[in-house]
Amino acid sequence: MSTDATLSFEEAMEKYDPVLGFEVHVELNTKTKMFSSAPNVFGDEPNTNVNEVDLGMPGVLPVVNKTAVESSIKIGLALNCKIAESCRFARKNYFYPDTPKNFQTSQYDEPIAYDGYLDIELEDGTVFRVEIERAHMEEDAGKLTHLGGSAGRIQGAEYSLVDYNRAGVPLVEIVTKPIEGAGSRAPELAKAYVAAVREIVKNLGVSDAKMERGNVRCDANVSLRPHGRERFGIRSETKNVNSLRAVEHAVRYEIQRHAAVLDSGEPVIQETRHWHEDTRTTTSGRAKSDADDYRYFPEPDLVPVVPSREWVEEIRQTLPEPPAERRKRLKQDWGYSDLEFRDVVNAGVLDEIEETITAGASASVARKWWMGEIVGRAKNADVDPGQLGVTPATIVELSRMVEAGKINNKMASAVLDGVLAGEGTPAEVVEKRGLAVVSDDGPLLEAIDAALAAQPDVAEKIRGGKVQAIGAIVGGVMKATRGQADAGRVRELILEKLGVTV
Amino acid sequence: MTETNSTELIRLSAAQLAAKLAAREVTAVEVTQAHLDRIAAVDGGERGVNAFLHVNTEEALAVAAEVDAIRAAGGQAAQELHELAGVPIAVKDLIVTIGQPTTAGSKILEGWYSPYDATVVKKLRAAKMPILGKTNLDEFAMGSSTEHSAFGPTRNPWDLDRIPGGSGGGSAAAVAAFEAPLALGTDTGGSIRQPGAVTGTVGVKPTYGGVSRYGAIAMASSLDQIGPVSRTVLDSALLQQVIGGHDPHDSTSLPDPLGDLVAAARLGNVDGMKIGIIKELHGEGYQAGVENRFNESLELLKEAGAEIVEVSCPNFQYALGAYYLIMPSEASSNLAKFDGVRYGLRVLPEEPPLTIERVMGATRAAGFGDEVKRRIILGTYALSAGYYDAYYGSAQKVRTLIQRDFEAAFAKADVLISPTAPTTAFKLGEKLDDPLAMYLNDVATIPANMAGVPGLSLPGGLADEDGLPVGIQLLAPAREDARLYRVGAVLESLLEAKWGGPLLDKAPSLVELVETQEAK
């Protein structure tokens, strides 16, 4: 594989201004396909979720899936788009065996949603508005597997297998207008935009939104122009960049590659590029010129889709709160700092914390448990925090025990381990493991005497008013009682013993 | 049953057969067998009619036997039998059927069996009508003579050296040759009506959307329509009533039924109706004998109380040109699926490399005939970037103008009338090398497809100069198919009174004709 020359990102930014554009394909999670009654299910045996329509048998006709139209309208509304009063499907004609009819039924000049925007919040809180050109409905193609060559590539393959289970799966393609002015934040914006789209469709419940399964797929367009020039440069289109990280890397790489091409005085070639996760580079795909001729014409087998204004309004009323707005609201309600809230969002426990608060915990306690105890355990177990098996009720029960002084924080952590090990509810674990806080002052006083005797210099400091030194004595007592003492009570007793009042 | 009885049975109309079956004067097996015998007698061999590409003997007889058993058992099941139960039918081989091959008249589908039934076939099965077999057609319904079939032409029962029309020449010839009382056809630019005209039979293109297209292999989706072929107007009404209605599998099918067509055919009354002669669809370019028979029909309708008015549809002159852009454009896309990847013929290129593009290319080169290739090339060109507006776009505008012409005409007349085709049946081979001359045969039938309105062709008599059948076409506004049957039934009865019986009584004895010519 040839490697293209690149400039450093910084140098590229000094000389050029990037313009971005994205086509994000969202697979809808409808029960059946876009134009047939075959099931829309991922991961089944090849060519089992197909009927005569999906296989393009002679004589078949498509019928539009109403739920897919509804989902498309939801996406359009969530992207602040206008919803067409009437729109048509068209045929995009090209011969390729992943498309059973040798044309894809798509929308061409009449998309269902158009003229929208999405406000993207960058990491430092800056809001960047991305204009949406259109969101249109279409059908997915089948999946080709190339065999006999190297590593699934078509080059050198002896034969290919085709699985039509994915053929006809409903897609919504979201196309942005050219995104100008992102400057050096273009890679960050790219990632944030795709993340926002993914979050929106997930929040709407219209897609499983799993990028690793191809539910959300991104084609990233990049072009550069010298600073100050209005006319766009020639773009490349990097296809199927299928993780958020890869979107950021691909845009960064293409900026660096374009800059090197422009610096060398060569023109950028308008082409599709393939992204390689292993090397974090792109390679040239098919030359794509505007002369590519798909011979679009209105699909004569389908009547126009005419969503009534009443229906659109009905759908609008049922839309869930947009993720960005919800985050703003929750941050304010919970009183977290910017950093705390960002950590919560990045850890992916926003929903869990909200549920825990609803179950009766305070915002700070909920955050402490999820961020302090559960996220780390989930990481070790290699699962999402929400999937670890901790219920909001468990956290509420644990936090109440701590507040009541029945157990201390250290013990609570051990109780959580017990709950996760299947030993029962927190109360049951406390009982089984004998983890009650020692509240009888007798054994504590003995331990305090021993600890003071062991560290006379510290005792002297405390007597002299350096109360903050008390930690060493408390630690000694806790150690002696194997953590079962109530640290607060221990502190009180030490101060009492030494005749210090605070 | 005696030989005579069998010969009499095949000459009965579907309505007559239905009545005899209901009265248990004959059995469905006898009726079906009589038609199978007729097919065996006249269809095969060097000089046979060649209306059938496949004869469905076993299944047809089984369905007939089932009907007979139900009738014999009596009771509710017998009561609930469809009026046409046990009346056999032939199906154009463009319509898919489980259990029988479907070829579309093309080598590219030779030997292919559909895994599903067309909606109209499901309806025939539900009515328990024995399917006699699949009828010949121009490849993918592209032609006006059935000469473009990959499996040899069908011959016109009136003169075996002449074409039976097309693309549905097989269905029309089968009905004209008494091989079947009924048949299904498809009509994109006249493929039901023009064969009806040149074989002396009745053919109807229903309103677009009146009959589900699901399972009819598409040529031009916005123009295609399945319809009935028969020997009487009433029989076509009976058949359209069976196959029509909304189908959730066809988005373009109309949501509501088209009314009682059979009642309209039985009503037979034109008193006070306005019947419009389309100025542009007769006269110059029409054979004198065709013109004479047309004028004769007008006189008869006038005598029966209809008012004859003249209407002008000035944009019809562009219909043929626009049709030959829209139809090939849609066809080029509809036929893209035939590539050897999933079903049908697969041809490997003679030289390496063995890439998918080259396999598709070799398959299509070997599998499609010249006329199909001609239309794919034409359509691909018309849809190309830079040409789309000039060709496909302009043709769509013409289509709108034709629709307006019809609207204006139907403001003045209840039904429009014209000859179905400009000429009687021409000789096999006569126009095979002259596609434009062939296309001109559909000049009077194409406007109905362009506007989606229904059209019916019925026998109008024999041309003086060649003694061959002439077709009269009736056109009605969209969804007003009933008017066609009402007017058609009147004209049919007036003409038959004049002739002293059905026109097909004047046709030569086919068995003798086939045998004499075999002997030659």
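## Exercises on a predicted two-chain model

With a relative accessibility of 0%, B:Asn136 counts as buried, where buried means under 20% relative accessible area, exposed over 50% and partly exposed in between, computed with a 1.4 Å probe on protein chains only. The model is predicted, so local features need pLDDT of at least 70 and side-chain atom pairs count only at pLDDT 80 or more, whereas totals for chains, interfaces and linings use all residues. Residues are numbered from 1 along each chain as its sequence is written, chains are lettered from A and ligands numbered from 1 in the order in which they are written, and side-chain values use heavy atoms, with hydrogens and water left out.

**Exercise 1.** Find the place of B:Asn136 in chain B, and state how far its C-alpha atom is from that of B:Gly152.

*Solution.* Begin with the elements on either side: B:Asn136 lies in the loop between S3 and helix H7 (169-176) of chain B, where helices (H or I, at least four residues) and strands (E, at least two) are DSSP runs numbered from the N terminus. Then take the separation: B:Asn136 and B:Gly152 are 16 residues apart along the chain, and their C-alpha atoms are separated by 8.5 Å. The loop between S3 and H7 of chain B also holds B:Ser167, which is joined to B:Gly166 by a cis peptide bond with omega of about 10°.

**Exercise 2.** Check the length of helix H6 (residues 323-334) of chain A, and work out where its buried residues point.

*Solution.* First, the expected span is 1.5 Å times one less than the number of residues; for the 12 residues of H6(A) this gives 16 Å, which agrees with the 16 Å between the end C-alpha atoms. Second, list the buried residues of H6(A), which are A:Pro323, A:Arg326, A:Arg327, A:Leu330 and A:Trp334. Third, look down the axis: these buried residues fall within an arc of 100°, so they line one face of H6(A), the arc being that of the directions from the helix axis to the C-beta atoms. Finally, what covers the buried residues of H6(A) includes helix H3 (186-204), helix H7 (338-347), helix H8 (350-358) and helix H9 (363-381) of chain A.

**Exercise 3.** Describe how helix H10 (residues 392-403) and helix H12 (residues 426-433) of chain A pack.

*Solution.* Two packed helices are described by the angle between their axes and the distance between the axes. Here the angle is about 50° and the axes are 9 Å apart; axes are lines fitted to C-alpha atoms, for helices over the stretch in contact, and angles run from 0 to 180 degrees between N-to-C directions. H10(A) and H12(A) are therefore oblique to each other, since angles under 35 degrees count as roughly parallel, over 145 as roughly antiparallel, 65 to 115 as roughly perpendicular and the rest as oblique. The contact (heavy atoms within 4.5 Å) is made by A:Thr394, A:Glu397, A:Leu398 and A:Met401 of H10(A) and by A:Pro426, A:Ala427 and A:Val430 of H12(A).

**Exercise 4.** Are A:Ala209 and B:Arg24 buried or exposed?

*Solution.* Most residues other than glycine have a negative phi. A:Ala209, however, has a positive phi of about 60°, and with a relative accessible area of 0% it is buried. B:Arg24 has a positive phi of about 55°, but B:Arg24 is exposed, with a relative accessible area of 54%.
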